[in-house]
Amino acid sequence: MKELSKEEQMEIKYGHMTKMVERRMPGVRDPIIKKIHEHFGIVIFRRCSAPADFSERVFKDCFGGKKVKTILEIGTLNGITASVLTQYAEKVITMDIIDYAMKYEIWDKLGVSDKIEFRMVENELQKAKMISNMKFEFCYMDGDHLHHTWSDFMMVKKCGRVLLHEAILDGSQPNLLANSLPPEEIRFFNYGKKTSSLAYWSKE
Ligand SMILES: C[S@@+](CC[C@H](N)C(=O)[O-])C[C@H]1O[C@@H](n2cnc3c(N)ncnc32)[C@H](O)[C@@H]1O
């Protein structure tokens, strides 16, 4: 029997996921997402929270296309959303409890390394201290939704504009948080699959 290539094996292993991600990526226009897909394949999008139109639908709407100085992201993983965010800020600071190696390769390939600063989180107290010393105009909260949604929000809400991941999943902590905020300050972005939904809070 012919031995399967690595790509074919991946396709079998992740075929279901490929379809799922592709459903979330109809007619991708974001050049960053396109380039990542082109160079690293669909598998890299596993656990990534960015829907295909993350840029157009969320950021162009949120910022009216304007760039801000600094964006903070909690939850880096492979640095995909951090890369997308570089289009909307002069600098992106992204933090995680794990320093995944793949993100450096992705950032290098995209030529965005000098716009992104990675901060390793040792514990929540250190994270709180780091954030209290930072100035940023927007935060994408995509870390530990189960245990740290509320404490992360307390740390970052000073910026006045926070995007919450998984916010339409009934009973999820981001959902409870989003529903506890004044309705006129919250806007939901539903992507059909509730785990990949977003809510944008802005107090302007
Ligand atoms: C869904 S992934 C982030 C995906 C990434 N934003 C993207 O879409 O490209 C969530 C990440 O949060 C990180 N994380 C978990 N607990 C955390 C914490 N307490 N503070 C910061 N990051 C945390 C995990 O290690 C994981 O990499």
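This is a predicted model: local features need pLDDT of at least 70, side-chain atom pairs count only at pLDDT 80 or more; totals for chains, interfaces and linings use all residues.
Residue numbers start at 1 in each chain and follow the sequence as written. Local features need pLDDT of at least 70 and side-chain atom pairs count only at pLDDT 80 or more, while totals for chains, interfaces and linings use all residues.

**Exercise 1. State the strand order of the open sheet and find its edge strands.**

Step 1. Helices (H or I, at least four residues) and strands (E, at least two) are DSSP runs, numbered from the N terminus. Two strands pair if DSSP finds at least two bridges between them.

Step 2. The seven strands of the open sheet come in the order 3-2-1-4-5-7-6, and the pairing is mixed.

Step 3. Strand 3 and strand 6 (186-189) each pair on one side only, which makes these two the edge strands.

Step 4. Arg 187 has Tyr 200 of strand 7 as its bridge partner.

**Exercise 2. Determine which residues of helix 3 are buried and how they are arranged about its axis.**

Step 1. A residue is buried if 20 or more other C-beta atoms, placed from the backbone, lie within 10 Å of its own. In helix 3 (residues 54-63), this holds for Phe 54, Ser 55, Val 58 and Phe 59.

Step 2. The arc is that of the directions from the helix axis to the C-beta atoms. Down the axis of helix 3, the buried residues fall within an arc of 110°, so they line one face of the helix.

Step 3. Contact means C-beta atoms, placed from the backbone, within 7 Å. The buried residues of helix 3 pack against helix 4, strand 5, strand 6 and strand 7.

Step 4. Just after helix 3 comes Gly 64, with a positive phi of about 60°.

**Exercise 3. Repeat the analysis for helix 5 (residues 102-110).**

Step 1. Buried here are Lys 103, Ile 106, Trp 107 and Leu 110.

Step 2. These residues fall within an arc of 95° seen down the axis of helix 5, so they line one face of the helix.

Step 3. Their packing partners are helix 2 (31-40), helix 4 and strand 3 (116-120).

Step 4. Gly 111 follows helix 5 and has a positive phi, near 70°.

**Exercise 4. Describe the shell around the ligand.**

Step 1. The ligand is surrounded by 21 residues, of which Gly 75, Leu 77, Ile 80, Gly 143 and Asp 144 are the closest (near: C-beta atom, placed from the backbone, within 6 Å).

Step 2. Helix 4 (80-85) and strand 2 (89-96) are the elements that give two or more residues to this shell.

Conventions: A residue is buried if 20 or more other C-beta atoms lie within 10 Å of its own, exposed if 12 or fewer, and partly exposed in between; C-beta atoms are placed from the backbone. Two residues are in contact if their C-beta atoms, placed from the backbone, lie within 7 Å. Axes are lines fitted to C-alpha atoms, for helices over the stretch in contact, and angles run from 0 to 180 degrees between N-to-C directions.
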